[in-house]
Amino acid sequence: MERKLNIKINIEGIDLPLTVNSTEEEKDYRDAATLIQTRLRSLRDRYPNLPTKEYYYAMVLLNTAVDAVRTANSASTTPYTEAIADLEKEINDALAK
């Protein structure tokens, strides 16, 4: 069993102290911070004249939330449920013979 790890994630010069349960979880947080920084940089390049940094933060939050919603919506189990039902029918038909 891994012990809890105390880490610091830096986003925009702000150190965020976190406690994570594993090195895998630490990697997820570090990857997320990198994604945020990359998106901020991209937005600043694309829209250099926004009035305050909060606009960039809000845009990153919105884009990330949209990605999360799209991912959740695409994680439907319907195709698998249908495939399992088809397999069950085939198995039952084969056993009935």
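Guide: Quick definition before we start: a nonpolar core is a set of buried Ala, Val, Leu, Ile, Met, Phe, Trp, Tyr and Cys residues joined through side-chain atoms within 4.5 Å. Keep in mind that this is a predicted model.

Visitor: Okay, which residues make up the largest nonpolar core here?

Guide: There are six of them: Leu 5, Ile 7, Ile 9, Ile 11, Val 20 and Ala 33.

Visitor: And which strand gives the largest share of this core?

Guide: That's strand E1, residues 5–11, which supplies four residues. As background, nonpolar side chains in soluble globular proteins tend to be buried together.

Visitor: Let's pick Ile 11. What is Ile 11 in contact with, leaving aside neighbours within four places in sequence?

Guide: Ile 11 touches Leu 16, Ala 33, Ile 36 and Gln 37.

Visitor: One step along, what about the phi of Glu 12?

Guide: Glu 12 isn't a glycine, yet its phi is positive, at about 55°. You'll find Glu 12 in the loop between E1 and strand E2 (14–20).

Visitor: Why does Glu 12 count as partly exposed?

Guide: Because its relative accessibility is 27%, and partly exposed covers the range between under 20% (buried) and over 50% (exposed).

Visitor: Switching to helices. At what angle do the axes of H1 and H2 cross?

Guide: Roughly 120°, and the axes come within 10 Å. Here H1 is residues 23–46 and H2 is residues 53–74. With that angle, H1 is oblique to H2.

Visitor: Is the crossing left-handed or right-handed?

Guide: H1 passes H2 in a right-handed crossing.

Visitor: So which residues in H1 and H2 meet?

Guide: From H1 you get Ile 36, Arg 39, Leu 40, Leu 43 and Arg 44. On the H2 side they meet Tyr 56, Tyr 57, Met 59, Val 60, Asn 63, Thr 64 and Asp 67. Sorted by class, this contact has seven nonpolar, two polar and three charged residues.

How values were computed: Residues are numbered from 1 along each chain as its sequence is written. This is a predicted model: local features need pLDDT of at least 70, side-chain atom pairs count only at pLDDT 80 or more; totals for chains, interfaces and linings use all residues. Side-chain values use heavy atoms; hydrogens and water are left out. Axes are lines fitted to C-alpha atoms, for helices over the stretch in contact, and angles run from 0 to 180 degrees between N-to-C directions. Helices (H or I, at least four residues) and strands (E, at least two) are DSSP runs, numbered from the N terminus. Angles under 35 degrees count as roughly parallel, over 145 as roughly antiparallel, 65 to 115 as roughly perpendicular and the rest as oblique. A crossing is left-handed if the near helix is turned anticlockwise from the far one by less than a right angle, and right-handed if clockwise. Contact means heavy atoms within 4.5 Å. Ala, Val, Leu, Ile, Met, Phe, Trp, Tyr, Cys and Pro count as nonpolar, Asp, Glu, Lys and Arg as charged, and the others, Gly among them, as polar. Buried means under 20% relative accessible area, exposed over 50%, partly exposed in between (1.4 Å probe, protein chains only).
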